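Reader: Could you take me through this structure? I would like to begin with one position and then turn to the contact between the chains.

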There are 2 protein chains.
Amino acid sequence: MKSVSASKLTILASSLLIASAFASATAWAAPANDPATLAQIRDSAMKEDWAYERLADMTDLIGPRLSGSAGAAAAVEQVADAMRKIGAKVTLQPVKVPHWVRGEEKAQLVDYAGRPSGITQKVVLSALGGSGATPAAGLTAPVIVVRDFDELNARKAEVKGSIVLFDVVFDDEMAKGGQAGKAYGRGSNYRGNGPRVAQELGAVGALVRSVGGADFRLTHTGNTGLVDGKRIPAAAVTAEDAMLISRLLKRGAVKMHLTLTPQNLPDADSYNVIADFPGTEKPEEVVIVSGHLDSWDLATGAHDDGAGVAAAMAVIDTLKKLKLQPRRTIRVIAWMNEENGTRGGKGYFEVNKEKVEQHFAAIESDNGAGRPFGFMGSVRPSMVKYFAPLQKSLDQIGAGVFDRRDVAGGADIMPLERAGVPSFQPLVDFTNYFNYHHTAADTLDKVNPLDLKRQVAVMTSLTWYLANMDENIGRTVVPQ
Amino acid sequence: MKSVSASKLTILASSLLIASAFASATAWAAPANDPATLAQIRDSAMKEDWAYERLADMTDLIGPRLSGSAGAAAAVEQVADAMRKIGAKVTLQPVKVPHWVRGEEKAQLVDYAGRPSGITQKVVLSALGGSGATPAAGLTAPVIVVRDFDELNARKAEVKGSIVLFDVVFDDEMAKGGQAGKAYGRGSNYRGNGPRVAQELGAVGALVRSVGGADFRLTHTGNTGLVDGKRIPAAAVTAEDAMLISRLLKRGAVKMHLTLTPQNLPDADSYNVIADFPGTEKPEEVVIVSGHLDSWDLATGAHDDGAGVAAAMAVIDTLKKLKLQPRRTIRVIAWMNEENGTRGGKGYFEVNKEKVEQHFAAIESDNGAGRPFGFMGSVRPSMVKYFAPLQKSLDQIGAGVFDRRDVAGGADIMPLERAGVPSFQPLVDFTNYFNYHHTAADTLDKVNPLDLKRQVAVMTSLTWYLANMDENIGRTVVPQ
């Protein structure tokens, strides 16, 4: 998941008008959204291991799936095969993706006040996606630490020729208090923008304190917004190492020897995997249910976002096993390149922008596989009441909350949401999500199989419900 | 800390007789163990940052201190200097220590059922101390997983030519339930003995699942009991990677490519740092208060055992600041080589074995800097009552528990304890200790300064009390 600032989003001026496209549908044939069918879907999902098996295939057999990697390519094949096997109509949509490859990465503090002769201190770090490289033998520069952009600007004169460390503490209490996304956003802002801003001021390298609340000397990678020709080396140091550097700076100047040798290669060929379950009555109308197939390279991307993909895949599997056919087309998408470019989401929108009004709704799961409490969705407030039967059914597994939001979708469906497509996402406990995602510890064992079943129940029930609704839920209005 | 099996310990037949050496001392001059002095010591310790500053110097300025390393040598100098500065009489006792140096370490699963072409799975691991090396280019072998030695023996035929993984799950519930030492002992038994036993059965490599309850893909190193000429490569894989391998083995055979290039160098010269505060009335009688100066190489050894050393050092500092002089000599020792040889402890005993009866008591802190609840000690049950005034004073800071045990000392004072010297250790909360110790995450930020103050209060009060006791606490009897 990437955090998105609501202020960057735009209202689609025509969004309310497009709503009329759905106004006619009112009386389709059974089976539809009757309580018995919803119960059947929910209970069937709670009994099935299929999604977990797909997640295990993805993480155990393939592992990391960074865009452009052999893992990503293998995952495209694996997901496409699995969806074909259950009878979905699979297409691979070509997308060109950034191709960044991690290299050697190491750092030592080679000078500081009080350093005994012959001693250097190791710093644990991981390059950020899009980072440039140091010379092969590394570079040595003084380190300065700043807490925010204001401090960076105030100390502009020191930045030139330095390695800048943005030491932004992850607010774990905020995360534990139910505001994990906000806590994450504070830190990831510096990860995304810090290196670029530091480069503009003449820094020769940029470091960020790893985002996340774990205190196990864990690096937290992610993309950074450097641009070609200005790619300085940029990495996330562990919280422990950020604290060490800050403490040593209180004793005097600190010099670091930094070696990062990632490569920014030409864009690579990849694909969105699109698997359709055609609708019986309105096949041209589409409900997307999705997750993103690419992951960061440090781990196997179980929570981020293997679980989302597996749960989306299981929507068709669950319905097929129950021999239920949707009125509208259900389109499972395993997006490529959410993590460092969102090329899959953008590419899909580009190809489908004339058909936006045929997208009844879109779902993307990209907050991990924590315990689901329900779902969030960006329908207009007046539409919430139409979801009561769905909520009632999901309430039986503790997942009946409908958290209406102005913006609800994941990054890949954001272009659709901005264009007015009501967008949804499972509402999950992600209190601890940011302690794992983008780290080496995002592995299969962290996914509770029961919670994944619950997510499949939520995703399948919601998808089915949307694909069969009589009511017109119209278009969404994303605030500016 | 290393766990020690009580069954390996021996009764010193003469231990009860030696007790008579202390029978005469009954009426020394003030200041002694009056409540006011004990309160003064306790309260002074609770106000001082000196121990934390020493710990910061050790971890921030030097870092890892594995025996034979530049860090260990620098730490000897640093501690000796600090103790000289506060007026202690410092001697460096030479000890020859094992000199093991970590090299490159990496592993991939290069074949397994269901592996897509071109895919390998990375395994995160750290070599164990004393591990042998693979060829520089690594070796490739099938992996077999066993849960215990019985299973290893039952599957003897498969071991030859294989890499054996001992997949022993750390019982975190046991640790959280107050039995962290026992939980640790279960796993560390396989770390210590597994590789040797596997080698004897023809294994070409041995892996253990990392001990400890953290689920952040963290390796937990430690020493393994391989012997020269039979040093196969041996490493700790993370719990996550052990689980991955076990899951893949359910699908079929698994092959690993393993590269470990540690070096076992000739023994190196090093030292115990011994800092005496001579007693006023019985200077020939000694109370040792100690921690071990060496650490593992993955982190800066803040809990294991920088904190123990710093707290021991602070005993003399606290008393000097209060202008209190002990009746018996207080001997602060920063032991060298607890982690992979205990050469410091053994060397001290060797040199002092004719003077064992002059050792009134010995304290070693090596369970980390968690919240202290009191102290444990291996006096005979009838002696416990003499410690009531000390307990009463420490109870004011929640550290009044005296947990009498048959064996209480750390590994370095074990030879003294076996020879009858009553041995003590702070009683601390070490519920989470094994999640950090021997890992890359054992860093200064994990030490709560308040808990370290409490530990200094316990160590100083206890040391002072022992150094001034009128009562004869006799000798201890370590059970067989």
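Reader: Is B:G368 buried or exposed?
Author: In this predicted model, B:G368 has a relative accessible area of 2%. The cut-off for buried is under 20%, so B:G368 counts as buried.

Reader: Where is B:G368 found in chain B?
Author: B:G368 lies in the loop that joins strand 13 (359–364) to strand 14 (372–377) of chain B.

Reader: Which residues does B:G368 touch, leaving aside those up to four places away in sequence?
Author: B:G368 is in contact with B:H303, B:V428, B:Y433 and B:Q455.

Reader: Turning to the interface, how many residues does the contact take from each chain?
Author: Chain A contributes 41 residues and chain B contributes 41 residues. Together the chains bury about 2,900 Å², with 56% of that area on carbon and sulfur atoms.

Reader: Which three residues supply more of the area that chain B buries than any other three?
Author: They are B:D60, B:L61 and B:F216, which supply 25% of the area that chain B buries against chain A.

Reader: And how many salt bridges are there across the interface?
Author: There are six salt bridges between chain B and chain A. One of the pairs is B:R247 with A:D60, whose closest N and O atoms are 2.7 Å apart.

Reader: What is the count of residue pairs in polar contact?
Author: Between chain B and chain A, 18 residue pairs are in polar contact. On the side of chain B that touches chain A, 22 residues are nonpolar, nine are polar and 10 are charged.

Note on methods:
Residues numbered from 1 in each chain as written. Chains lettered and ligands numbered in written order. Predicted model: local features only at pLDDT ≥ 70, side-chain atom pairs only at ≥ 80, totals over all residues. Heavy atoms only, no water. Contact = heavy atoms within 4.5 Å. Buried area = accessible area lost by both parts, 1.4 Å probe. Salt bridge = Lys/Arg side-chain N within 4 Å of Asp/Glu carboxyl O. Polar contact = N/O pair within 3.5 Å; in protein donor to acceptor, adjacent residues only side chain to side chain. Nonpolar A, V, L, I, M, F, W, Y, C, P; charged D, E, K, R; others polar. Helix = DSSP H or I, 4+ residues; strand = E, 2+ residues; numbered from the N terminus. Buried < 20%, exposed > 50% of the residue type's maximum accessible area, 1.4 Å probe, protein only.
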